[in-house]
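Student: I have a structure to work through and would like to talk about its folds and contacts. Could we go over it together?

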Amino acid sequence: MAPVISINGFSYRYPDGTDGLYDISLDIAGGEKIALIGPNGSGKSTLLLAMGAFLHGHGSIVVDGVEANKKNAKQIRRAVGSVLQNPDEQLFMPTLLEDVAFGPLNMGLGDEEVLRRSMDALGIVGLDGMKHKAPHHLSAGQKRSAAIATILSMNPKIITMDEPDTSLDPRNRNNLTSLLKSLKQTLIIATCNIPFAAALCKRAVLIDSGKIIADGPVEEIITDEKLMQSHGLETAAIPESIDF
Amino acid sequence: MHHTVMDHLSMQDTFLHRLDARSKLIAVVVFTIVVISLRRTGVGIIAVSAVGPFAMLLVGRVPLKLAALQIGCLCPFIMIIAISSAFYDRSVVTIAFGAYELNTTQGAIGAVAIFARFAVTMMAIIALSATTRLSDLLAAFSSLGLPKILVMQIGLLYRYIFLIIDRACHMLGARAGRKLRYLGLRRELSTSAAMIASLFATSTQTAQRVSDAMMARGFDGTIRSLKKSTFSIADTVFLAAVCAYMALLLAVKGVI
Amino acid sequence: MHMPNEILSLPVAGGSFAIAAVGLGTLCRVASRTISSEKASLMGIFGAFIFAAQMLNLPLPFPPGASGHLTGAVLLAIVLGPAAASVVMTSVIIIQCLVFQDGGLLALGCNIINLAIVPSFAGHTIYHLIAGARKTKFRIYAASIIACIAATILSAALVSIETAISGVIAVPFVTFLAFMSGVHFVIGIFEGVITASVLAYIYRARGDLINGVAGGSPRLSKAAFIVTLAGATIIIAVSISLVASAKPDGLEWSLQQSTAVSSESIETSTPGPANGWTSLAAVAGSALTMIVIWLVSKIFANRGGGKCITP
């Protein structure tokens with residue numbers, strides 16, 4: 001299967017001169033669920049931003065056959081839905097429905113289609129009964145789901161998520177895992193929660209200091225004690241089967 | 001904080017809450033215009049005009065104590081003006097109330113009338129904001145023709161008040177925890193300035209990420225919104241009642 | 001100073017509303033042109049920032065227990081440019097009116113002119129005239145303090161003028177103007193010092209913020225400021241001459257001398273005994289109605305109708 005994202009020798013340097021990413025090459029196939037693991041400040045979020053055409057460096061990133069550069073940014077963002085780390089920053093409209101409708105409206109769809117897509121997206125994350133609520137009335141778990149719904153309503157091929165498991169209690173995290181498992185889109189998830197990554201993804205990419213350290217099946221990487229500890233991460237057992 | 005109380009009240013479910021925001025907004029604006037145009041100083045007309053907003057407060061289940069407190073909190077400026085006004089107009093007049101007659105000054109009556117009107121229009125606006133969610137008011141604004149960029153600004157402002165005021169409160173708590181006495185104006189000033197500046201910096205970062213979230217969803221500067229109309233029979237009934245009440249006020253204006 | 005409805009007459013409220021609407025419409029267009037779509041969120045969040053900054057009060061040495069806070073229009077104008085700052089301050093004023101009930105609904109037009117548009121443009125222009133290109137610490141302080149004093153006094157003067165034209169309250173124009181300007185002179189110094197400290201901090205620690213954000217060329221707004229200043233001067237001159245012609249010494253000008261109002265107030269100042277009975281009836285009837293509504297609402301409340309949608 002042809003890769004939906006193909007990154008070739010991509011490097012990025014921050015405006016203040018520090019290296020963000022160095023010579024990243026990565027192919028991601030359609031429908032894959034990938035965990036980007038690494039310690040804080042390793043460059044995971046930067047790589048996600050680059051995939052969403054929010055920052056531009058050297059080398060190439062091709063998303064769904066389109067080169068990710070400033071000119072194609074709008075087209076890239078139709079293919080890649082980015083869920084940011086803090087749902088409070090993702091949910092900026094007065095009500096949930098308006099928030100979920102924001103993306104489809106910007107895509108130029110008609111009101112009926114926008115409403116249908118929004119309600120579908122809210123249905124998938126189980127928030128269709130709360131469409132008129134203001135974001136500050138939602139719980140942490142609901143906010144996380146709502147943030148995902150705002151992207152789902154745009155129906156992107158690829159969804160990137162930055163630390164979606166932070167500030168969630170175990171039950172909410174399990175709900176999130178089952179929700180993400182049920183999605184058919186290509187998922188790229190940056191996280192430093194190894195059990196969460198193991199429960200969700202088949203492939204893991206370990207990043208540290210802006211470089212890819214390891215790339216392979218999740219069980220091989222996360223059980224390699226020496227590798228994990230040298231990059232400030234913990235090992236985890238592979239769950240036999242996960243009950244939801 | 002007052003905004004969380006109002007926000008909470010506006011989430012109730014009563015006849016008033018279910019009305020379209022536009023009809024409530026129009027009703028309160030028209031009511032305020034009528035009350036302000038009653039230049040007469042009679043107490044009777046002010047009492048009659050208090051009935052409407054009072055009824056709105058009760059129907060909308062707004063605690064009367066809250067309304068009274070809010071009127072009390074915001075009255076100092078108008079009080080100063082009203083009271084000083086009384087000093088400048090000392091023409092003696094006789095007022096009659098029932099069988100009682102009282103000699104007082106024109107200015108004193110004027111002061112009482114200004115304050116009474118203030119309380120009445122305050123009741124009306126409290127009733128409006130406590131029974132209407134801000135998101136509905138915003139939708140009303142944009143359908144009444146407010147510039148979209150302004151409507152969006154107000155929406156973002158209200159959305160992020162809850163977040164940023166929380167941060168400010170944490171800072172105030174941190175300052176109170178480490179500072180045990182008054183430090184002198186110079187150091188107090190530099191502490192306050194540093195707090196405001198740091199709040200400014202975090203607000204800028206938040207704004208940057210919100211902007212990323214908007215861009216990620218195809219925002220290009222054009223603000224688009226779903227059309228919605230919730231005008232119902234209840235709204236017609238309500239507006240008819242408001243019209244009748246205004247007609248009554250204007251009719252009795254010359255009499256009492 | 002948020003104006004309440006009750007010190008304005010309807011023509012003044014309507015007129016200022018129309019002026020504010022036209023001005024704001026233009027400014028919204030200017031702001032959406034000069035502020036890129038990436039900065040749209042910045043304006044909204046700066047509005048929330050202004051709210052929060054107003055909460056961070058500064059304890060003052062005198063009088064005991066007193067504290068002051070920033071109002072922010074000049075700070076915003078320096079950072080965002082005058083057009084965007086006007087739009088942000090307008091959204092702050094609308095939220096203060098609707099959510100905090102501070103400032104009357106009919107006075108919105110006046111409040112937007114006095115507290116959003118005029119201080120933004122005046123503050124921005126004066127600041128840049130004085131601060132110049134090379135911003136030393138001294139210049140930042142001097143420019144902010146002078147800009148804030150000018151902006152707040154201009155607002156205060158507008159409040160007095162609007163009140164005088166309305167003619168609802170009996171306080172003489174000159175007295176009111178002197179009182180308002182005096183109070184706002186002190187407020188302006190205070191506002192200026194905080195604005196300067198914040199600006200100095202931002203220039204030092206986060207210089208990228210201001211340079212990256214600021215929009216609107218000072219030259220354009222200098223023209224706008226001169227127009228505003230000319231307008232304000234004409235208004236002040238006309239009102240002072242009106243006052244002076246009504247009563248030569250100007251100070252004893254009161255409601256009675258103002259012809260438009262006096263006819264009505266004289267009418268009300270002669271209520272006969274019959275009028276006394278009707279007003280008693282009106283008060284009694286209204287009170288009775290309110291008690292009945294209150295009782296009915298209590299009965300309904302006890303039947304458990306009042307459900308909150310949210311916890």
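Predicted model: local features only at pLDDT ≥ 70, side-chain atom pairs only at ≥ 80, totals over all residues.

Student: Which strands are the edge strands of the six-stranded sheet in chain A?

Tutor: This open sheet has mixed pairing and the order β6-β7-β8-β3-β9-β10 (chain A). On average, its neighbouring strands are turned by 15° against each other, direction ignored. An edge strand here pairs on one side only, and that holds for β6 (80–83) and β10 (211–217) of chain A.

Student: Chain A has a four-stranded sheet as well; which helix packs on the sheet?

Tutor: That open sheet is antiparallel, with the order β2-β1-β4-β5 (chain A), and its edge strands are β2 (19–29) and β5 (66–67) of chain A. The helix in question touches β1 (3–13), β2 and β4 of chain A, and its direction makes about 60° with that of β2(A). The helix is α1 (residues 44–51) of chain A.

Student: Which residue stands opposite A:Val62 in β5(A)?

Tutor: Strand β4 (residues 58–63) of chain A and β5(A) run antiparallel and are joined by two bridges. In β5(A), the residue opposite A:Val62 is A:Glu67.

Student: Now chain B: is it spread out or compact by the globule rule?

Tutor: Chain B has 11 helices and two strands. Its radius of gyration is 23 Å, well over the 18 Å that the rule gives for 256 residues. The C-alpha atoms fill a box of roughly 70 × 55 × 30 Å along the principal axes. Compared with a compact globule, chain B is therefore more spread out.

Student: How far apart are the centres of domain 1 of chain B and domain 2 of chain B?

Tutor: Domain 1 takes residues 2–134 + 231–252 of chain B, while domain 2 takes 147–216. Taken over C-alpha atoms, the separation of their centres is 34 Å.

Student: Which residue in the hairpin turn of chain B has a positive phi?

Tutor: The hairpin is made by β1(B) and β2(B), which pair in the antiparallel sense over six bridges. B:Phe97 stands opposite B:Tyr100 in β2(B), and two residues lie between the strands. The one with a positive phi, about 65°, is B:Gly98.

Student: How confident is the predictor about chain B, and which element has the lowest mean pLDDT?

Tutor: The mean pLDDT of chain B is 84, with 95% of its residues at 70 or more. Helix α3 (residues 21–37) of chain B has the highest mean among the elements, 91. The lowest, 75, belongs to strand β1 (residues 92–97) of chain B.

Student: Finally, which helix gives the largest share of the side of chain B that touches chain C?

Tutor: The contact takes 101 residues from chain B and 88 residues from chain C. On the chain B side, 65 are nonpolar, 27 polar and nine charged. The largest share, 21 residues, comes from residues 185–216 of chain B, that is, helix α10.

How values were computed: Residues numbered from 1 in each chain as written. Chains lettered and ligands numbered in written order. Contact = placed C-beta atoms within 7 Å. Nonpolar A, V, L, I, M, F, W, Y, C, P; charged D, E, K, R; others polar. pLDDT = per-residue confidence, 0-100. Pairing = 2+ DSSP bridges. Axes fitted to C-alpha atoms, helices over the stretch in contact; angles between N-to-C directions. Domains from an automatic or database assignment. Rg over C-alpha atoms; globule rule 2.2 N^0.38 Å.
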